[in-house]
Amino acid sequence: MKQLFLISMAAVLFNTALAYAENTDPGSVLFQRCAACHQTDGQGIPGAFPPLKNNIANIAATDLGRIYLVSVINAGLIGPISVGDTTYMGVMPAQGSAFDDQEVSDLLNYSVQVLDAKQAASQWKPYTAKEVAGIKAALSQNSAAHSASLRKTLTETSPQLFK
Ligand code: HEC
(Lines give C-alpha, C1' and ligand atoms only; values in the text may rest on other atoms or scores of the structure.)
Protein backbone atom coordinates (compact mmCIF):
# COMPACT_ATOMS: atom_id res chain seq x y z
CA MET A 1 0.00 0.00 0.00
CA LYS A 2 2.75 2.35 1.00
CA GLN A 3 4.67 1.44 -2.15
CA LEU A 4 1.69 2.25 -4.36
CA PHE A 5 1.37 5.61 -2.68
CA LEU A 6 5.04 6.38 -3.34
CA ILE A 7 4.72 5.40 -7.00
CA SER A 8 1.71 7.64 -7.56
CA MET A 9 3.44 10.50 -5.73
CA ALA A 10 6.44 10.07 -8.05
CA ALA A 11 4.09 10.24 -11.07
CA VAL A 12 2.51 13.44 -9.79
CA LEU A 13 5.92 15.01 -9.25
CA PHE A 14 7.09 13.96 -12.70
CA ASN A 15 4.05 15.48 -14.41
CA THR A 16 4.42 18.68 -12.44
CA ALA A 17 8.07 18.92 -13.48
CA LEU A 18 7.08 18.44 -17.13
CA ALA A 19 4.40 21.13 -17.01
CA TYR A 20 6.90 23.42 -15.32
CA ALA A 21 9.49 22.89 -18.07
CA GLU A 22 6.93 23.77 -20.75
CA ASN A 23 6.13 27.01 -19.01
CA THR A 24 9.62 28.16 -18.16
CA ASP A 25 10.23 30.25 -21.30
CA PRO A 26 9.52 33.60 -19.63
CA GLY A 27 8.17 34.92 -22.92
CA SER A 28 5.43 32.28 -23.13
CA VAL A 29 3.71 33.56 -19.98
CA LEU A 30 4.16 37.21 -20.98
CA PHE A 31 2.79 36.50 -24.46
CA GLN A 32 -0.62 35.62 -23.00
CA ARG A 33 -1.30 39.34 -23.00
CA CYS A 34 -0.59 39.56 -26.75
CA ALA A 35 -2.46 36.32 -27.51
CA ALA A 36 -5.75 38.00 -26.68
CA CYS A 37 -5.43 39.72 -30.06
CA HIS A 38 -2.66 37.98 -32.02
CA GLN A 39 -3.80 34.47 -30.87
CA THR A 40 -1.76 31.91 -28.92
CA ASP A 41 0.12 30.68 -32.00
CA GLY A 42 0.72 34.24 -33.29
CA GLN A 43 -1.36 33.59 -36.39
CA GLY A 44 -3.53 36.69 -35.83
CA ILE A 45 -7.02 37.19 -37.28
CA PRO A 46 -7.03 38.33 -40.94
CA GLY A 47 -8.30 41.89 -41.27
CA ALA A 48 -8.36 42.50 -37.51
CA PHE A 49 -5.05 41.49 -35.87
CA PRO A 50 -1.95 41.00 -38.06
CA PRO A 51 0.06 37.76 -37.86
CA LEU A 52 3.41 37.68 -36.04
CA LYS A 53 4.12 34.14 -37.20
CA ASN A 54 5.89 34.02 -40.59
CA ASN A 55 7.22 37.57 -40.57
CA ILE A 56 8.43 38.70 -37.14
CA ALA A 57 11.74 36.80 -37.50
CA ASN A 58 12.45 38.57 -40.79
CA ILE A 59 11.55 41.95 -39.30
CA ALA A 60 13.87 41.28 -36.33
CA ALA A 61 16.69 40.41 -38.73
CA THR A 62 16.91 44.05 -39.93
CA ASP A 63 18.31 46.96 -37.90
CA LEU A 64 15.28 49.19 -38.45
CA GLY A 65 12.97 46.23 -37.84
CA ARG A 66 14.49 45.66 -34.39
CA ILE A 67 13.79 49.29 -33.51
CA TYR A 68 10.28 49.09 -34.98
CA LEU A 69 9.34 46.02 -32.90
CA VAL A 70 10.41 47.68 -29.64
CA SER A 71 8.49 50.83 -30.61
CA VAL A 72 5.30 48.84 -31.36
CA ILE A 73 5.32 47.09 -27.99
CA ASN A 74 6.32 50.19 -26.10
CA ALA A 75 4.12 52.80 -27.77
CA GLY A 76 1.56 50.84 -29.83
CA LEU A 77 0.75 51.21 -33.53
CA ILE A 78 -1.93 52.91 -35.58
CA GLY A 79 -2.86 51.71 -39.09
CA PRO A 80 -3.22 51.39 -41.98
CA ILE A 81 -0.65 48.62 -42.49
CA SER A 82 -0.55 45.77 -45.03
CA VAL A 83 0.59 42.19 -44.71
CA GLY A 84 0.39 40.46 -48.07
CA ASP A 85 -2.99 41.36 -49.60
CA THR A 86 -4.61 42.10 -46.26
CA THR A 87 -4.93 45.64 -44.92
CA TYR A 88 -5.28 46.43 -41.21
CA MET A 89 -6.84 49.70 -40.16
CA GLY A 90 -6.44 48.96 -36.49
CA VAL A 91 -4.95 50.46 -33.38
CA MET A 92 -2.68 48.47 -31.11
CA PRO A 93 -2.67 49.92 -27.59
CA ALA A 94 0.76 50.71 -26.07
CA GLN A 95 2.02 47.86 -23.86
CA GLY A 96 5.03 49.71 -22.46
CA SER A 97 3.68 50.17 -18.94
CA ALA A 98 3.07 46.41 -18.60
CA PHE A 99 6.65 45.28 -19.27
CA ASP A 100 10.17 46.22 -18.19
CA ASP A 101 13.13 46.05 -20.62
CA GLN A 102 13.94 42.45 -19.74
CA GLU A 103 10.32 41.43 -20.34
CA VAL A 104 10.18 43.23 -23.70
CA SER A 105 13.29 41.31 -24.79
CA ASP A 106 11.84 38.00 -23.48
CA LEU A 107 8.61 38.68 -25.39
CA LEU A 108 10.34 39.48 -28.67
CA ASN A 109 12.71 36.51 -28.34
CA TYR A 110 9.76 34.20 -27.70
CA SER A 111 7.87 35.66 -30.68
CA VAL A 112 10.83 35.05 -33.02
CA GLN A 113 12.20 31.76 -31.65
CA VAL A 114 8.97 29.97 -30.80
CA LEU A 115 6.13 31.52 -32.81
CA ASP A 116 8.18 32.08 -35.97
CA ALA A 117 10.69 29.26 -35.47
CA LYS A 118 10.57 28.28 -39.15
CA GLN A 119 11.85 31.66 -40.32
CA ALA A 120 14.28 32.33 -37.47
CA ALA A 121 17.76 32.15 -38.97
CA SER A 122 20.49 30.25 -37.17
CA GLN A 123 22.53 33.47 -36.92
CA TRP A 124 19.61 35.31 -35.29
CA LYS A 125 20.73 37.59 -32.48
CA PRO A 126 18.35 37.54 -29.50
CA TYR A 127 17.35 40.84 -27.90
CA THR A 128 18.80 41.76 -24.50
CA ALA A 129 17.37 44.12 -21.89
CA LYS A 130 20.30 46.42 -22.65
CA GLU A 131 19.46 46.63 -26.36
CA VAL A 132 15.79 47.35 -25.56
CA ALA A 133 16.80 50.12 -23.14
CA GLY A 134 19.12 51.62 -25.77
CA ILE A 135 16.42 51.57 -28.46
CA LYS A 136 13.85 53.14 -26.13
CA ALA A 137 16.27 55.92 -25.18
CA ALA A 138 17.10 56.61 -28.84
CA LEU A 139 13.51 56.73 -30.14
CA SER A 140 12.77 60.30 -31.12
CA GLN A 141 9.11 59.91 -30.19
CA ASN A 142 7.18 57.53 -27.99
CA SER A 143 3.91 57.24 -29.91
CA ALA A 144 1.81 54.88 -32.02
CA ALA A 145 2.11 57.36 -34.90
CA HIS A 146 5.89 57.15 -34.71
CA SER A 147 5.69 53.33 -34.87
CA ALA A 148 3.53 53.81 -37.98
CA SER A 149 6.17 56.02 -39.61
CA LEU A 150 8.86 53.41 -38.86
CA ARG A 151 6.58 50.76 -40.42
CA LYS A 152 6.19 52.96 -43.51
CA THR A 153 9.97 53.35 -43.93
CA LEU A 154 10.44 49.63 -43.38
CA THR A 155 7.79 48.82 -46.00
CA GLU A 156 9.51 51.14 -48.50
CA THR A 157 13.06 49.92 -47.85
CA SER A 158 12.30 46.20 -47.33
CA PRO A 159 8.95 45.43 -49.01
CA GLN A 160 9.72 41.69 -48.94
CA LEU A 161 9.21 41.68 -45.15
CA PHE A 162 5.45 42.06 -45.41
CA LYS A 163 4.68 39.85 -48.42
C1 HEC B 1 -5.83 44.80 -28.04
C2 HEC B 1 -5.27 44.01 -29.11
C3 HEC B 1 -3.76 43.86 -29.19
C4 HEC B 1 -2.88 43.46 -28.20
C5 HEC B 1 -3.19 43.12 -26.75
C6 HEC B 1 -1.57 43.43 -28.82
N7 HEC B 1 -1.66 43.79 -30.14
FE8 HEC B 1 -0.11 43.85 -31.47
N9 HEC B 1 -1.37 44.66 -32.85
C10 HEC B 1 -2.74 44.85 -32.71
C11 HEC B 1 -3.27 45.49 -33.90
C12 HEC B 1 -4.74 45.86 -34.15
C13 HEC B 1 -2.17 45.71 -34.76
C14 HEC B 1 -2.20 46.39 -36.13
C15 HEC B 1 -2.40 47.88 -35.92
C16 HEC B 1 -2.56 48.62 -37.22
O17 HEC B 1 -3.49 48.32 -37.97
O18 HEC B 1 -1.74 49.52 -37.47
C19 HEC B 1 -0.99 45.17 -34.08
C20 HEC B 1 0.31 45.14 -34.61
C21 HEC B 1 1.38 44.50 -34.05
C22 HEC B 1 2.69 44.36 -34.66
C23 HEC B 1 3.11 44.90 -36.02
C24 HEC B 1 2.95 43.82 -37.10
C25 HEC B 1 3.37 44.30 -38.46
O26 HEC B 1 3.09 43.58 -39.44
O27 HEC B 1 3.97 45.35 -38.62
C28 HEC B 1 3.48 43.67 -33.77
C29 HEC B 1 4.93 43.28 -33.96
C30 HEC B 1 2.66 43.39 -32.61
N31 HEC B 1 1.40 43.91 -32.81
C32 HEC B 1 3.11 42.69 -31.49
C33 HEC B 1 2.39 42.57 -30.31
C34 HEC B 1 2.91 42.02 -29.09
C35 HEC B 1 4.29 41.38 -28.95
C36 HEC B 1 1.93 42.13 -28.15
C37 HEC B 1 1.99 41.79 -26.69
C38 HEC B 1 2.94 42.54 -25.91
C39 HEC B 1 0.78 42.76 -28.79
N40 HEC B 1 1.11 43.01 -30.10
C41 HEC B 1 -0.41 43.03 -28.16
C42 HEC B 1 -3.49 44.49 -31.62
C43 HEC B 1 -2.98 44.06 -30.40
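I call a residue buried if 20 or more other C-beta atoms lie within 10 Å of its own, and exposed if 12 or fewer do. I keep in mind that this is a predicted model.

**Helix α8**

I looked up α8 first. Helix α8 covers residues 144-157, 14 residues in total. From first C-alpha to last, α8 reaches 20 Å, close to the 20 Å expected at 1.5 Å a residue. Which residues of α8 are buried? I found Ser147, Leu150 and Arg151. Looking down the axis of α8, I saw its buried residues fall within an arc of 105 degrees, so they line one face of the helix. I then checked the other side of α8, where Ala145, Lys152, Thr153 and Glu156 are exposed. What do the buried residues of α8 pack against? My notes give α5, β1 and β2.

**The nonpolar core**

Next I turned to the largest nonpolar core, which has 24 residues. Ile56, Ala60, Leu69 and Leu108 have the most contacts inside this core. Helices α4 (56-60), α5 and α6 each supply at least two of its residues. The largest share, six residues, comes from α6. I followed up Leu69. Leaving aside neighbours within four places in sequence, Leu69 is in contact with Ile59, Ala60 and Leu108.

**Around the ligand**

Last, I listed the 27 residues around the ligand. Cys34, Cys37, Gly79, Gly90 and Met92 come nearest. Which element gives the most to this shell? I noted α3, with five residues. Elements that each supply at least two include α5 (63-75), β1 (77-78), β2 (81-83) and α6 (101-115). By class, I have 20 nonpolar, five polar and two charged residues in the shell.

Note on methods: Residues are numbered from 1 along each chain as its sequence is written. This is a predicted model: local features need pLDDT of at least 70, side-chain atom pairs count only at pLDDT 80 or more; totals for chains, interfaces and linings use all residues. A residue is near a molecule or strand if its C-beta atom, placed from the backbone, lies within 6 Å of it. Helices (H or I, at least four residues) and strands (E, at least two) are DSSP runs, numbered from the N terminus. Ala, Val, Leu, Ile, Met, Phe, Trp, Tyr, Cys and Pro count as nonpolar, Asp, Glu, Lys and Arg as charged, and the others, Gly among them, as polar. The expected span of a helix is 1.5 Å times one less than its number of residues. The arc is that of the directions from the helix axis to the C-beta atoms. Two residues are in contact if their C-beta atoms, placed from the backbone, lie within 7 Å. A nonpolar core is a set of buried Ala, Val, Leu, Ile, Met, Phe, Trp, Tyr and Cys residues joined through C-beta atoms within 7 Å.
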